[in-house]
Amino acid sequence: MPLNLVVCLKQIPNPDLQFSVSPDGQDIRRDGLNYKINGSDEYALEEAVRLKEKNGGRVVALTVGPKRAESILREALAKGADEAVRVSYDDPAAFDVGKVARILAAAVRTLPHDLVLTGVQSDDYSNSATGALVAGILGLPHVSVVTKVLVQGGGLEAWSELEGGLQRRYSVGLPALLTIQFGANTPRYAPLPAIMKAARVAIREIAPAALGLPSWDAVALPYAFAVRGLAPPAAKGHAELITGSAEDQARKLAQMLREKGFVRR
Amino acid sequence: MGKDILILAEHLEGKLAPSTFELVTKGRELAAQSGGALKAALLGLNSGGLAQILAGLGLEVLHADDPSLAEYTDGAYEQMLLSLLRDVAPRVLLVAHTSQGYDVAPGIAGRADLPLVTSAVDVRLEGDKLVATRRLLNEKIQGEFELASDKTFVVTLRPGSGKLAEPAPGGAVTSVPPSVDASKVRTKCLGLERPQVADIDLSSADIIVSAGRGIQKKENLALVEDLARLLGGVVGASRPLTDMEWLPKTRQVGQSGKTVRPKLYVACGISGAMQHVAGMKDSGLIIAINTDPSAPIFEIAHVGIVANVLQLLPAVIKALKS
């Protein structure tokens with residue numbers, strides 16, 4: 001059964017970086033950050049491409065973000081997406097998941113979709129909300145934290161991971177939305193020719209007008225959102241640091257482990 | 001809009017989730033701020049016993065018991081919650097930020113067009129505003145976010161953020177007629193599955209030496225294994241390593257893996273993402289080794305070493321052997 005697949009991707013700052021807060025406290029300092037595709041979105045993309053390869057159909061890679069986010073769409077094209085769409089909401093911070101999800105849902109509505117996939121969470125803001133929020137807005141059945149998907153008859157079977165490694169197995173009618181868990185598959189590397197080809201593909205842009213909006217400020221929200229302020233977390237700081245050269249640190253740690261009786265004799 | 005606070009109880013295999021007891025504590029604070037009552041929704045099948053336990057914490061439990069609610073599905077829960085939101089019109093619907101919470105809270109917020117904040121480590125009401133404290137960017141930044149609305153705020157609270165509620169008088173169970181039109185539920189739970197793998201039981205180990213992405217290559221696991229052997233412990237891992245199948249899934253410590261409380265936990269090259277920390281933060285002595293001084297693992301570690309594990313571990317092993 002061929003599927004119209006839409007995979008929602010997010011470009012995020014590499015979370016391994018160090019971050020500081022901008023002077024007005026409303027965002028992080030963004031100069032000098034490098035950006036990458038969100039971790040679990042790579043698994044969502046891979047799942048979408050595999051479902052297409054197995055069942056036929058088409059994969060549209062969709063993102064909401066500034067121009068720089070086109071790089072992750074090209075990555076998606078190189079890995080097997082058939083079309084790339086960027087919604088041009090270009091707030092670099094975009095802290096309000098409700099607004100982003102409403103924009104994303106409006107964009108998904110304009111695309112044929114039997115199955116919408118997202119990553120389980122974004123590693124920058126960690127809301128774990130975008131997927132189910134988009135599904136709720138669109139009235140789609142949804143399953144989150146999915147580790148395995150099978151097309152079964154006219155629908156899907158999906159395994160959802162719970163705390164402690166337990167799984168719930170679901171059957172889901174289509175159209176539907178799934179959020180894909182880390183490790184659900186092994187994402188492929190893009191072959192060089194595909195990367196070269198993807199670099200030349202035109203990326204479709206969705207502007208507010210295409211969604212019936214005069215501007216991105218006109219997105220209807222049932223609330224007003226504001227950033228009160230960002231700060232480094234108050235250091236709980238009870239870690240006693242062992243300092244010195246690696247040799248010193250190793251010696252001190254070995255001594256501590258001995259003193260506390262943790263070393264087998 | 002009413003003033004009550006409604007929490008959504010979570011349960012699995014006949015037990016209330018520990019996070020539900022934290023919701024009661026936080027819900028009580030919010031109810032004091034809104035001037036309303038704290039109520040809980042408990043949806044399930046043959047779940048009267050759980051409703052009684054929950055009511056024993058001193059709150060009114062709105063209990064719906066129906067075959068359509070035997071296991072969580074988005075469709076049945078959304079229908080029940082929509083009906084409860086109409087009846088109670090709570091100021092806040094509070095849900096745990098768990099695997100199920102990721103699904104149900106945004107789902108209902110989308111369906112009913114409600115304001116949503118997820119993964120809050122703290123939350124409070126200030127008049128018509130809800131203020132949530134959240135952690136961003138691998139715990140390296142904390143933010144306060146404000147939502148102003150006259151609609152029900154949907155909030156998920158990160159497990160481990162608050163105290164567990166203790167039994168208190170004054171609770172009651174109110175039966176709520178199930179209002180699920182099964183023909184409109186397009187997600188069906190086919191069953192629970194527990195992966196059966198024969199391996200050591202990490203949760204019973206006294207000493208765990210865990211490896212994270214900082215070990216860089218599978219071959220370097222040998223260093224972690226050597227240290228574990230010298231300490232009479234076992235090897236654990238953070239999620240990325242078990243995802244890459246460097247170690248079996250049974251060795252994964254964290255929210256979706258094992259929760260452990262060993263006497264000694266040595267975190268080697270683990271940054272300390274929330275999902276990992278949730279599974280080991282109550283260990284007796286936590287020693288963390290990481291190159292990044294801003295890594296969140298140092299927030300919960302008792303002893304921290306800012307160093308490259310690949311240089312430090314050989315030196316420690318040598319020192320322990322001498």
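Author: Two strands count as paired once DSSP finds at least two bridges between them; strands themselves are DSSP runs of E with at least two residues, helices are runs of H or I with at least four, and both are numbered from the N terminus. This is a predicted model, where local features need pLDDT of at least 70, side-chain atom pairs count only at pLDDT 80 or more, and totals for chains, interfaces and linings use all residues. Residues are numbered from 1 along each chain as its sequence is written, while chains are lettered from A and ligands numbered from 1 in the order in which they are written.

Reader: How do you know which strands are the edges of their sheet?

Author: Start with the order of this open, mixed sheet of 10 strands: β12(A)-β9(B)-β8(B)-β7(B)-β10(B)-β6(B)-β1(B)-β4(B)-β5(B)-β11(B). β12 of chain A and β11 (172-175) of chain B each pair on one side only, and they are the edge strands. From one strand to the next, the twist averages 30°. Helix α3 (residues 74-88) of chain B packs on the sheet, touching β1, β4, β5 and β6 of chain B, and its direction makes about 155° with that of β4(B).

Reader: How many residues are in contact between the chains?

Author: Contact means C-beta atoms, placed from the backbone, within 7 Å. On that basis, 74 residues of chain A contact 76 of chain B. Elements of chain A that each supply at least two residues to its side include α3, α4, β12 and α6. That side holds 44 nonpolar, 17 polar and 13 charged residues (Ala, Val, Leu, Ile, Met, Phe, Trp, Tyr, Cys and Pro are nonpolar, Asp, Glu, Lys and Arg charged, the others, Gly among them, polar).

Reader: Why is the packing of α6(A) on α9(B) called oblique?

Author: α6(A) and α9(B) (residues 309-321) pack at about 50°, with axes 8 Å apart. That angle makes them oblique. The crossing is right-handed, the term for a near helix turned clockwise from the far one by less than a right angle (anticlockwise is left-handed). Among the residues that meet are A:L253 and A:L257 in α6(A), and B:L312 and B:V316 in α9(B). By class, this contact has 10 nonpolar, 2 polar and 2 charged residues.

Reader: What makes helix α2 of chain A "mostly covered"?

Author: Buried means 20 or more other C-beta atoms within 10 Å of a residue's own (12 or fewer is exposed, in between partly exposed; C-beta atoms are placed from the backbone). In α2(A) (residues 70-78), 7 of the 9 residues are buried, including A:I72, A:L73 and A:L77. Just after that helix, A:G80 takes a positive phi of about 125°. Over chain A, buried residues make up 48% of the 265.

How values were computed: Two residues are in contact if their C-beta atoms, placed from the backbone, lie within 7 Å. Axes are lines fitted to C-alpha atoms, for helices over the stretch in contact, and angles run from 0 to 180 degrees between N-to-C directions. Angles under 35 degrees count as roughly parallel, over 145 as roughly antiparallel, 65 to 115 as roughly perpendicular and the rest as oblique.
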